[in-house]
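Subject: Structure for you to look through

Hello,

Here is the structure I promised to pass on. Please open it beside this email and follow along as you read.

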Amino acid sequence: MGGQKPEKTKKHICVGLLAHVDAGKTTLSEALLYLNGAIRKAGRVDHGDAFLDNFVLERERGITIFSKQAELTMGKMQVTLLDTPGHVDFSAEMERTLQVLDYAVLVINGADGVQGHTQTLWKLLKRYRIPTFLFINKMDQPGTDRERILEELKKRLDEGCIDFLGEKEDMLEQIAMTDEDVLESYLESGDVRDKEIIQLIIERKVFPCYFGSALKMSGVEEFQKGLEIYTAGKSYPEQFGAKVFKIARDEQGNRLTYMKLTGGSLKVKELLTNRSSESQMADEIWEEKADQIRIYSGTKYDTVKEIAAGEVCAVTGLTRTYPGQGLGIEAASAQPVLQPVLTYGLILPEGTNVHEMLLKMKRLEEEEPELHIVWNEHLGEIHVQVMGEIQIEILKSLIRERYGVEVEFGTGSIVYKETITKRSEGVGHFEPLRHYAEVHLILEPGEPGSGLVFDTICSEDVLDRNWQRLILTHLGEREHPGVLSGAPITDMKITLAAGRAHLKHTEGGDFRQATYRAVRHGLKRNESVLLEPYYAFRLELPPDLIGRAMTDIQRMGGTFEPAQTEGEMTVLTGSAPVSEMRDYPREVTSYTRGRGRIFCTPGEYRPCHNTEEVLASMGYDAEQDTENPTGSVFCAHGAGYYVPWNEVEEHMHIESQMGKWQRQRAAMEQSETEISASGDIADDGPGSGSAFAGYGSWQEEKELEEIFKKTYGERRPKYVVPGGITGKSFTKPKPVREEIYDHYLLVDGYNVIHAWEDLKELAAVNLDGARTKLMDIMSNYQGYKKCNVIIVFDAYKQEGYQGDVVHYHNIDVVYTKEAETADQYIEKVVHDIGRKYKVTVATSDGLEQIIIRGQGASLLSSRELRTEIEIANAQIQEEIAEKRQKNGNYLFNYLDEDLSEYMEEIRLGKKEEKKL
């Protein structure tokens, strides 16, 4: 089908439908499409004619397997509707779709209420911060109770779940109670404006609830009206950006890249690339044309010449894209929360070319990245990771349909992971003939569930920024195997501490080898822990069988919350190892004679409950894993030779970085402890963004901008910000500066004046004279040391004073604004530039010294500053004497005598100032 881009309506939103399986999500989508004229007849899942369930297996099984797109017009609003899979086995497909939604509709079965997977979906919606509406479906079924369901929603999901079809006065009162400002306005006016409700929904403080039956079209019109009234269109930047959320293929085998534009526009034949501000670390930069832009609605589509930000489309002609990728200004997505916990070997028919099949499975992996297709060299098998048995059956059908191969899956095994318990340094060296690279990494344990975080503290003077970015790319481009079982590592921070390249012999691949070896070396020098996946379960069964269930869970090594009674059933919730729970649903059905139900959803990874048994069964030996060596390659006499991991330190070319790194961390931790003990700074606890979270207001961009404008004027440093792997930190490079020295000296003016006896005496008589004298001393010091000097004086007691910055000779003098002390001002500046420049703060304020040390700046006490000045003066005298002896110039001698006299006066502080 061909056509032009449809005319933009006043408001365009992208809405996703989510639900636990059999809640009626697809039926609701059919009702909405029919109600708005997008289809002539509403299909039914059980009849196999649903508009969006167009895949053969979906119609056969009556479940949604792949996310689908439909376009419809609701009044003056244009809606892109995305129907997502409800079965837990296909939750990864659903989670990828969440990344492009403006709003979500969570469909709940009114007869069953909130189920286990419903709560998983709710947590994901919270994680992705998606404003959410709720449609409680199947309210026509016997036994459904609106009040009971609403109470359950408030208890198990959020107190902000509010009935939008109930009594208006009660609804407005509940809405107002979710926000103090709205409540105050409501008490004054007795009303809550639609604009305020929309904002509360966006902020996820209010979750509108609608009740009805999608099959009988009951409550659907009211729900649609709520979507029209209480949603808002988003504004987007003019720069191009797009988020890829799905890869598929059409009936002709054309590769389709589904994306949502998050900025600018996209035209047909326009070049797309992974080169952007957020993806400069890509190992290979590509450029490809958007051959076609398709707007799908079910199986049909329109081709358009251009789409705008906020719209969802499928693009042909792209071969290098992947789900979760960010293009243009859009950042890449983090790894999905829901990951497969089981891995299976693929059993192929006799005579099948295994390598050809591996390539075909890799193509399938493009569409389903969570499959993690790998070739097990040791067993000679293709391994696939899946969520459960339903997905296995679908995969078998999909492979048969696409490739004509009847495959089977072997006995599944658990997907284990590994982490570490302490800090260690990993060194990787790769130096066969005419190659060279060395990498030093610091490995430290992270929070459970944090995955892998990469950072660098390596100076660009030690290793060029491009090489550093390449190392971080290699850290994030693959799953690194652990040394206990070969399972992927997780939950740790890996920091690039140092590295070395050769001007002539280093190539990109050298750093890949060195990086991989450094990770393995660091793991060998650490203590590893084997992790296994746990299921979060909800078990509903008759009360007389609760004792049996508790005994079973305890036997499996699981834990559970106190049992609760819901109607005639008893409910047990908790978690247990996947390895023990795999076959338990069948057992529950058996011993409850079909009256019990259990819902299992993938939970977190925890230390393995039977590590020794698992490791013994695996028989993994890290030293025999030739594909992932733990040692390094060095060169001697023109030939490379292998050095085992426990001897690498004796051969490495860069000294160990652990001691230096530990001293830096110790200083930081000591500062945090001392500050916390002082009670002057709030403690946000673990995971807070900064040890100095109590001063969060200092980080206001606008205020810092004003500080720099006042302090540096047009000389403000210009920063070059590199790209990085999304979700992984990367330090900024040295800023490109114009006539700005690398060293800043910040002086707490009054603190120094009161610490120096001569200035203190002068201040008692003439404070302005003491200030001027200090300014002259520091001007002279700056002229010799060539650093940026900023003297800060308190003016915070002057009512209404807005602060000022004066350029005095060759230094800057800052007078703080009302209610701002000198130490607060200094800490602001240090917080912003302390990691980018060499910064020294001169003060004798003890608490301020603790804070400044934690910000990465050096310290000088007022006495030490005086000593520094005296030393500088002595050096000036020496240089003057040398030049006088060398040229004997009369004018120079005259200046020498005058300057010497002046310096002596300043040092003694006994004579009045004389200006040269």
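First, two terms. Helices (H or I, at least four residues) and strands (E, at least two) are DSSP runs, numbered from the N terminus. Two strands pair if DSSP finds at least two bridges between them.

Now the ground rules. This is a predicted model, in which local features need pLDDT of at least 70 and side-chain atom pairs count only at pLDDT 80 or more, while totals for chains, interfaces and linings use all residues. Residues are numbered from 1 along each chain as its sequence is written, and side-chain values use heavy atoms, with hydrogens and water left out.

**The chain as a whole**

The chain has 27 helices and 40 strands. It holds 916 residues, and 51% of them count as buried. Buried means under 20% relative accessible area, exposed means over 50%, and partly exposed lies in between (1.4 Å probe, protein chains only). Contact means heavy atoms within 4.5 Å. Take the contacts between residues at least 6 apart in sequence: 70% of them join residues at least 24 apart.

**An open sheet**

Seven strands make up an open sheet with mixed pairing. Their order is S2-S3-S1-S4-S5-S7-S6. Strand S2 (68-74) and strand S6 (161-163) are the edges, and each pairs on one side only. From one strand to the next, the twist averages 30°. Axes are lines fitted to C-alpha atoms, for helices over the stretch in contact, and angles run from 0 to 180 degrees between N-to-C directions.

Look at strand S1 (residues 11-19) and strand S3 (residues 77-83). They run parallel and are joined by seven bridges. Cys14 stands opposite Thr80 in S3. Helix H4 (residues 116-127) packs on this sheet. It touches S1, strand S4 (103-109), strand S5 (132-137), S6 and strand S7 (207-211). The direction of H4 makes about 165° with that of S4.

**Two nonpolar cores**

A nonpolar core is a set of buried Ala, Val, Leu, Ile, Met, Phe, Trp, Tyr and Cys residues joined through side-chain atoms within 4.5 Å. In soluble globular proteins, nonpolar side chains tend to be buried together.

The largest core here has 49 residues. Which of them touch the most other members? They are Phe537, Leu539, Met581 and Tyr584. Strand S28 (residues 528-541) gives this core its largest share, six residues. Not counting residues up to four places away in sequence, Met581 touches Tyr535, Phe537, Ile553, Met556, Ala576, Ile598 and Cys600. A second, separate core has 40 residues, including Leu72, Phe135, Ile162 and Tyr186.

**Helices H22 and H23**

Helix H22 (residues 757-765) packs with helix H23 (residues 767-785) at an angle of about 145°. Their axes are 6 Å apart. H22 brings Asp758, Leu759, Leu762, Ala763 and Val765 to the contact. H23 brings Leu767, Gly769, Ala770, Lys773 and Leu774.

Arg771 also lies in H23. Is Arg771 buried or exposed? It is buried, with a relative accessible area of 15%. Its side chain makes polar contacts with the side chains of Tyr750 (2.7 Å) and Asp768 (3.3 Å). A polar contact is a pair of N or O atoms within 3.5 Å; within protein, one must be able to donate a hydrogen and the other to accept it, and residues adjacent in sequence count only if both atoms are side-chain atoms. Leaving aside neighbours within four places in sequence, Arg771 is in contact with Tyr750, Ile753, Phe793 and Tyr815.

**Around strand S38**

Four of the five residues of strand S38 (residues 811-815) are buried, so this strand is largely enclosed by the rest of the structure. Strand S36 (residues 788-793) pairs with S38 in the parallel sense over four bridges. Ile791 stands opposite Val813 in S38. Strand S37 (residues 804-808) runs antiparallel to S38, joined by five bridges. Asp804 has Tyr815 of S38 as its bridge partner. S37 and S38 form a hairpin with two residues between them. In the turn, His809 has a positive phi of about 50°.

Asp145 caps the N-terminal end of helix H5 (residues 146-156). A side-chain oxygen of Asp145 lies 3.1 Å from the backbone nitrogen of Glu147.

Happy exploring!
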